[in-house]
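The chain is shown first.

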Amino acid sequence: MTPPSATPPPFGRALCAMVTPFTADGVLDLDGAQLLAEHLVADGCDGLVLSGTTGESPTTSDEEKAALVRAVAEAVGDRAAIVAGVGSFATRHTVEMALQAEKVGADGLLVVTPYYSRPPQDAVEAHFLEVADASGLPIALYDIPGRTGTRIEPETMLRLAEHPRIVAVKDCAYDLMGTQKVLSRTDLAYYTGCDELILALYAVGGAGYISTVANAVPRHLRSIIDAFDAGDTGRARGLQHQAMELIELTMDAGLPGTVTSKALLGALGLPGGPVRAPLRPADREATDGLLAAYDALRQAQPPVSARGEQG
C-alpha cells in the first residue's frame, strides 16, 4: 500500500515529543538528553520535538531551550529531524525564540496558538505569519484549543497553508471533519498529537504522529504506521489496540503526559529525572500502573495480520 501522503512529510512520520531530562536537583541534564535522544532515534523515531509542553517549555528558560537543541542535534546528527518548540503567548518572544532555534541548529519549528489571551482569528493568523516571515525554517502549527483556549479554525488554516514555510500541523483539535477539510484542500502534513488517533488520522491522509507515549515505546508506535504502509491494516489495527492501555494511563489518567512519561522512563532506567514545579511527580501507585501496562504491551503476542499470519 502506498503511504497516505504522496509527498514525503517534512519531518518524517514518527516523531517523539521528547521530555526534557533534569538532574535530581532540577538542573538541565544535557548528557541525559543526548542519551535519551540517541535511544529514541535508534528505536524508530524519525524526528524529535524539543521544548514542547511534554518538554516542560513553560518552566525552562530560553537559554536552556537553546542548549537542549544544540546538545540533541550534536547527538543525533542527520539521523533525525530536530523540531524546536518556540510558541508562546507573545508574538515578539515567539519570533525571538524562532530565530534562536534556527541559529543553534533546529531543522523546524513547532509554534502553538497564543494561549490565555484568546486572540480572534485574524490575530492568530497574523501571529503565525509574522513568525513564518521571520525565520527560514519550516513550521508546524500546533492546534490544541483545549490547552490554549483558541482554535485555529479550518478557514484560517487554509489561508496559512499558502505560506511557503508553514508546512505542517500538530493536530490536537479533536475535529476530524475540520482536519479532513484542510487535508483535502492543502498540502499541509498533519501529525496527530493524540496517541489514540495515530491510526485513525494516518488512514485518512495524515503524515504521522508527534507522540508523548513514544518516549517509552517508540518502536511499537512506529510499527502501527509501518504495518499500514505495508498494506496490513489488520495488524495496524491490532497494534493500535494493544497500545491503548498505556496510552490511556499516560495521557488520560488525571496526570499530565510529562509527569507520567518521566515516571515510566525513570522506572525503566532511562533519562528523565524530576518534573519542575508546579508539576509534581507521579505517586507509586500511578508509576506501578504505568509499568504494568508497559510490561503487558512488551509481552503481548503480535496481532494477527490481515493475511491471517502473526507479524
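This is a predicted model: local features need pLDDT of at least 70, side-chain atom pairs count only at pLDDT 80 or more; totals for chains, interfaces and linings use all residues.

**Nonpolar cores**

The largest nonpolar core has 77 residues, and the members that touch the most others are Met18, Leu48, Val72, Val76 and Leu221. Helix α2 (residues 62-76) supplies the largest share of this core, seven residues. Another core, of 18 residues, lies apart from it and includes Phe11, Ala81, Val112 and Cys194. In soluble globular proteins, nonpolar side chains tend to be buried together.

Leaving out residues up to four places away in sequence, Met18 touches Ala33, Leu36, Ala37, Leu40, Leu48, Val49, Leu50, Thr54, Gly55, Val72 and Asn215. Of these contacts, Leu48 and Val72 are also among the core members that touch the most others.

**Helix α1**

At the start of the helix, a side-chain oxygen of Asp29 comes within 3.4 Å of the backbone nitrogen of Asp31. After the helix comes Gly44, with a positive phi near 115°.

Which residues of α1 are buried? They are Gly32, Ala33, Gln34, Leu36, Ala37, Leu40 and Val41. An α-helix has 3.6 residues a turn, so residues three or four places apart point the same way. The elements covering the buried residues of α1 include β1 (14-17), β2 (47-50), α2, α9 (218-229) and α12 (257-267).

**Strand β5**

Strand β5 (residues 139-143) is mostly covered, with five of its five residues buried. Ile139, Leu141 and Asp143 are buried on one side, and Ala140 and Tyr142 are buried on the other.

| Strand paired with β5 | Sense | Bridges | Residues opposite each other |
|---|---|---|---|
| β4 (residues 108-112) | parallel | four bridges | Val112 and Tyr142 |
| β6 (residues 166-171) | parallel | five bridges | Ala168 and Ala140 |

Tyr142 and Ala140, which stand opposite Val112 and Ala168, are on one side of β5. Val112 is also one of the members of the 18-residue core.

How does the chain get from β4 to β5, and what is the hand of the crossover? The chain passes through helix α4 (residues 121-134), and this β-α-β crossover is right-handed.

Definitions and conventions:
Residues are numbered from 1 along each chain as its sequence is written. Side-chain values use heavy atoms; hydrogens and water are left out. A nonpolar core is a set of buried Ala, Val, Leu, Ile, Met, Phe, Trp, Tyr and Cys residues joined through side-chain atoms within 4.5 Å. Buried means under 20% relative accessible area, exposed over 50%, partly exposed in between (1.4 Å probe, protein chains only). Helices (H or I, at least four residues) and strands (E, at least two) are DSSP runs, numbered from the N terminus. Contact means heavy atoms within 4.5 Å. A polar contact is a pair of N or O atoms within 3.5 Å; within protein, one must be able to donate a hydrogen and the other to accept it, and residues adjacent in sequence count only if both atoms are side-chain atoms. Two strands pair if DSSP finds at least two bridges between them. A crossover is right-handed if, with the strands pointing away from the viewer, the path from the first strand over the helix to the second runs clockwise.
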